[in-house]
Amino acid sequence: MSEDSSRKNRGESSGDDNESFHGLFSPTEAERRAGIEGLRIEQESLTPDQIRRRYARRRQVLVSATIIFVIALVASLAIVGPKTGLFEVKDYHGDGNGKNVSITVSEGDTNGTVGQRLEQKDVIANADKFVEVMEDKGSGKFIQPGTFELQQHMSSESAMNSLTGSGSAKHYVAINQNQRKDETFDALAKGTGISVDKFKTLDKDPGKFGIPSQFDSLEGFLHPGEYRFAPDASAEDVIQEMVDKTKKDLKDAGVEGDDEVFHTVTVASILEFEAKPRDYKGVAGAIDNRVNNVDGETQGFLQSDATVAYGLGEKTYQISNEQKQDASNRYNTFANKGLPVGPIGSPAAEAIKAAAHPDHNDYYYWVTVDLDTGETKFAKTYEEHEKNVEEYDNWCSEHEGKCV
């Protein structure tokens, strides 16, 4: 039987595709006789414009569905992401962004504690990542106590290398103004781990550091400020760095010659105890008037309570008449004319400049009448000065416990 005959038996047409398609579902002659009609398919007839509109609607539906899906996905990530840490920066890259940050590591701090401190200062992105890097790549290294100079936005590995690298740790020490040498030695010993005795031994030989022979100790040259000493720095290294800072201040102020250095440093140390910075130059001028004019009303006596207190080893504003008459106190400027035998502290640059370049005035007396504001009043005569002292006494009576 031929192929055409077979298709005719199924009711198929050998004509066009449409007829063939319908022929597939047409009943055979036997089926027709049995009353079977077969499947009827109606073909929809669309114009080209209708077809374009139908495709456009389908694209619009697809785009809308896609947008809804993306919105739902973003919303889900916004809720779930923060809880799972999906969007957290796990680590920065490189050695930092150039912005310096000081990090202090104390005795007993764990890697986790250090990591938290680094993250808080934005040195690293994630403390847990830092701990992980320390465990995986630290090779048994540990972070020494000290102060470290790092940068913001360092990778955890870069931060680890800076903290564990040779010579990276620093011993931090802060020396305040008005701090006497013994207090300074205590602070240095605590910050560096060097014994106080080593500093006290060096105190007996100030010439070792290029200090003029007029000075019998390091007092006056232990420059106040913040220091970061290398862990292997010796006591000599520490003292030399501080002395060099004071020498620089003297040079910047134009102070030359041993006698001038002694006068400037000693007066500057007194200024920091006797006045506020705004009055440094005025008080410096009055000090020079007193010590340089032995025929004046004060007869060459400086009469500073601060110097007497230093000689007594105390810090007080209250000096008794008996103490003022004790000439055995070499810092007693009531009983001994001129400047004391040495500085009573280590002055900073501002006081050194004022002592080197004082105001030229006619004052012989000064008194701070308000210890809270630092208001200081000057006088040319003792009679005027007594009125200012009375004002100071009244202030003290109104502010119990302030004038001790």
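Biologist: Which residues of helix α6 are buried?

Modeller: In this predicted model, the buried residues of helix α6, which covers residues 127-137, are Ala 127, Phe 130, Val 133 and Met 134. Buried means under 20% relative accessible area, exposed means over 50% and partly exposed is in between, with a 1.4 Å probe and protein chains only. Helices (H or I, at least four residues) and strands (E, at least two) are DSSP runs numbered from the N terminus.

Biologist: Why are those on the same side of α6?

Modeller: They cover an arc of only 120° around the axis, which puts them on the same side of α6; the arc is that of the directions from the helix axis to the C-beta atoms. An α-helix has 3.6 residues a turn, so residues three or four places apart point the same way.

Biologist: And what is on the other side of α6?

Modeller: There Asp 128, Glu 135 and Asp 136 are exposed. The buried residues of α6, by contrast, pack against α5 (111-120) and α7 (156-164), where contact means heavy atoms within 4.5 Å.

Biologist: What caps the N-terminal end of α6?

Modeller: Asn 126 does, with a side-chain oxygen 2.9 Å from the backbone nitrogen of Asp 128. The criterion behind this is a polar contact, a pair of N or O atoms within 3.5 Å; within protein, one must be able to donate a hydrogen and the other to accept it, and residues adjacent in sequence count only if both atoms are side-chain atoms. Just after α6, Ser 139 takes a positive phi of about 50°.

Biologist: Before we move on, what are the ground rules for numbering and confidence?

Modeller: Residues are numbered from 1 along each chain as its sequence is written, and side-chain values use heavy atoms, with hydrogens and water left out. As the model is predicted, local features need pLDDT of at least 70 and side-chain atom pairs count only at pLDDT 80 or more, while totals for chains, interfaces and linings use all residues.

Biologist: New topic: how many aromatic pairs does the structure hold?

Modeller: It holds seven aromatic pairs. Rings of Phe, Tyr and Trp (its six-membered ring) pair if their centres lie within 6.5 Å, and planes under 30 degrees apart count as stacked, over 60 as edge-to-face and the rest as tilted. Tyr 365 and Tyr 382 form a tilted pair, at 5.9 Å centre to centre with 55° between the planes.

Biologist: Which parts does that pair tie together?

Modeller: Tyr 365 lies in strand β5 (residues 365-370) and Tyr 382 in helix α16 (residues 382-398), so the pair ties together parts that are 17 residues apart in sequence. Tyr 365 is buried, with a relative accessible area of 4%, whereas Tyr 382 is partly exposed, at 43%.

Biologist: What sits over the ring of Tyr 365?

Modeller: The charged end of Arg 290 does, 4.8 Å from the ring centre; a charge counts as over a ring if NZ of Lys or CZ of Arg is within 6 Å of the ring centre and within 35 degrees of the ring normal.

Biologist: Last one: which residues does Thr 266 touch?

Modeller: Leaving out residues up to four places away in sequence, Thr 266 touches Leu 339, Pro 340, Gly 342 and Pro 343. Thr 266 is in helix α11 (residues 258-274) and counts as buried, at 0% relative accessibility.
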